[in-house]
Each structure stands twice: as structure tokens, then as C-alpha cells.
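Here is a walk through one protein chain, from its overall build down to a single residue. Keep the sequence and the structure in view while reading.

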Amino acid sequence: MYQSLPLLSALLIALASYLLGSQLFGFFKHYWQKYKPHKISKQRFWKFVEHQDVHPIVGNMLGAKKIGSYLETAGLEPEWTLHRILAAKKVLFLPSLILGVTWYVVFSDPYIALVFPFLLLVGPQYFLAKKSQNRKTFATKSLAQIIDLLKLQASIGLNLETSIENIARSRRDLWGSEFKRVQFELDAGLTLEKVLDRFSRRFNIDDLNRFVLAIKQSKQLGASLSRTLAIQAEALRTRRKQRAEEQARLASVKISFPLVIFIFPALLIIYIAPAVLQIMELG
């Protein structure tokens, strides 16, 4: 009976923590919905931020180069500009520093105190990099399906512009939103070549760059669009198969490190420990 008391105590503590955490979450959610910043306050803040000048040296210190590279492929709304993000980091850096110093003075914890300015400096880069990587991963996995849809529509006599419009209407995922943007740029009067270049830069992956280049060459040379799309789809699947085979070959090399570090020492202990104990008893 007494042996089960620690387990019962742990379950009671876990249940109490869950109930207390859910109540606290509901409390903060209620008051956040009640007192969250008004839309006009947000607009005033962003208007104040946009009028802030960011020196190039300060921008480099705030990670302008990385933010600019990630921002181009993150797929955010056009109002999220590099200047706006850098200016917001510049404006919020001093309050975060003051908050960190206050935390250190009150609680004497330098590690938590450094978290506030560190999150402000690194957080936007991490968010943009994660969003950009997710877009690239999704595009790499599903690009062959999009090329097949374009090829199917080209085989029945539709041109590329009409095929893009059909995909923009039929899909509700990332490709649907991107093709809607492509269709909007075409309706705005931009040429197909320029629109495709902007489209490929928003992802910056090799497979899509090759696809866009093949489409542009097909348009310039007057080649069959359906044939070009069929070749691109086959080449894309071949490259994906080669990458998968390469990853499979590297798996044996990657698995050797955890084997050497974690599994082999445990096996050595299992095999050698009885002999060592017997030698110690004999000695």
C-alpha cells in the first residue's frame, strides 16, 4: 500500500497542475480578449515605427541581411517590409533591456534577464526562417503534382495563363494563394516572364527555378507546352528519387554516431561487467 503512495502523489500533483494551468490560461485569455490593444493603437504604433530611421550599421547589428533573405521567401503580406521589422526591433530593444535589468535586480537571475533582449534580437529571424523553410518543404514535396495539373490542362489545349487561373480558383492551399498572386500580377499588366521570375524568387528552390526557366525557354522557342511540362515532371521525380537514394546511403553513416556514443558503451558494460566483478571477487 505504502509503495503506491509516490505514484498516487505524482498523479495528484499532475492533475492539480493541469487544473490550475487550465484555469490560469482561461483567466489570461479572458482578460487579453477584454483589454488587448485596439486596432487603432496598433496602427499608431506601426505608423510611429515606420517613421524611425535605421542606420545601416544598426541594421546590420539587428540582422538586416538575414531578415531580408528570409523575408523574401517567407510569404508574408506586402506590408511586412524590412524597414518595418528593423525599426520595430530598434524601438523595442530599450524596453526589453529595461525589463531584463529589472528582472535581474528583483530576482537576481542573469540568465532569465538576458532572455528578453535575446528573444527580441533572434526571434524575428527564427520565425522568418521557420516560415520560409516550411514553404520550401511544402513546395518541394508538391511541385510535381502542380506540374501534372498544368500538363493535364495544357494537353487539352489550354494556355498557361488559363491553367494558372484554374489552379488559383480550385486550390485552397499555398499553391492556390501563390497562383492567385500570379494571376493578379498578370491582370495588372506584368509580362509572363517577369511574373514567373517573381514567383520563383518567392520560393528560391532549385526545382522551381528549373521549372520556370524551362517554361520561359518554351515560350521563347515556341515549343510544345504540354511536352515541356511532361519532361519537367519526369525530371523532377527523377531528382526526388536520387535525393531519396542519397539520403538512404547516408543513413548508415549517420547512425554510426549514436551507435558509438550510446549503444556500444552500454553493450561493453553488459559484456565486461560480469567478468570484472568476478575478477574483483577473486582478488
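A residue is called buried when its relative accessible area is under 20%, and exposed when that value is over 50%. The model discussed here is predicted.

Leu62 has a relative accessible area of 8%, and because buried means under 20%, Leu62 counts as buried. Leu62 is located in the loop that runs between helix H3 (56-61) and helix H4 (64-73). What does Leu62 touch, leaving aside residues up to four places away in sequence? Its contacts are Ile67, Leu86, Lys89, Lys90, Leu121 and Gln125. Phe211, on the other hand, lies 149 residues from Leu62 along the chain, and 35 Å separates the C-alpha atoms of the two.

Now step back to the whole protein chain. It contains 11 helices and zero strands, so the pattern read along the sequence is α-α-α-α-α-α-α-α-α-α-α. The C-alpha trace spans about 85 × 60 × 45 Å along the principal axes. The radius of gyration of the protein chain is 28 Å, whereas a compact globule of 283 residues would have one near 19 Å.

Of the 283 residues in the protein chain, 25% are buried.

The surface comes last. The protein chain exposes about 20100 Å², with 66% of that area supplied by carbon and sulfur atoms. Its side chains include 38 positive and 21 negative ones, and the centres of these two sets are 4 Å apart.

Note on methods
Residues numbered from 1 in each chain as written. Predicted model: local features only at pLDDT ≥ 70, side-chain atom pairs only at ≥ 80, totals over all residues. Heavy atoms only, no water. Helix = DSSP H or I, 4+ residues; strand = E, 2+ residues; numbered from the N terminus. Rg over C-alpha atoms; globule rule 2.2 N^0.38 Å. Buried < 20%, exposed > 50% of the residue type's maximum accessible area, 1.4 Å probe, protein only. Areas by Shrake-Rupley, 256 points an atom, 1.4 Å probe, with all protein chains shown as cover. Lys, Arg positive; Asp, Glu negative; His and termini not counted. Charge placed at Lys NZ, Arg CZ, Asp CG, Glu CD. Contact = heavy atoms within 4.5 Å.
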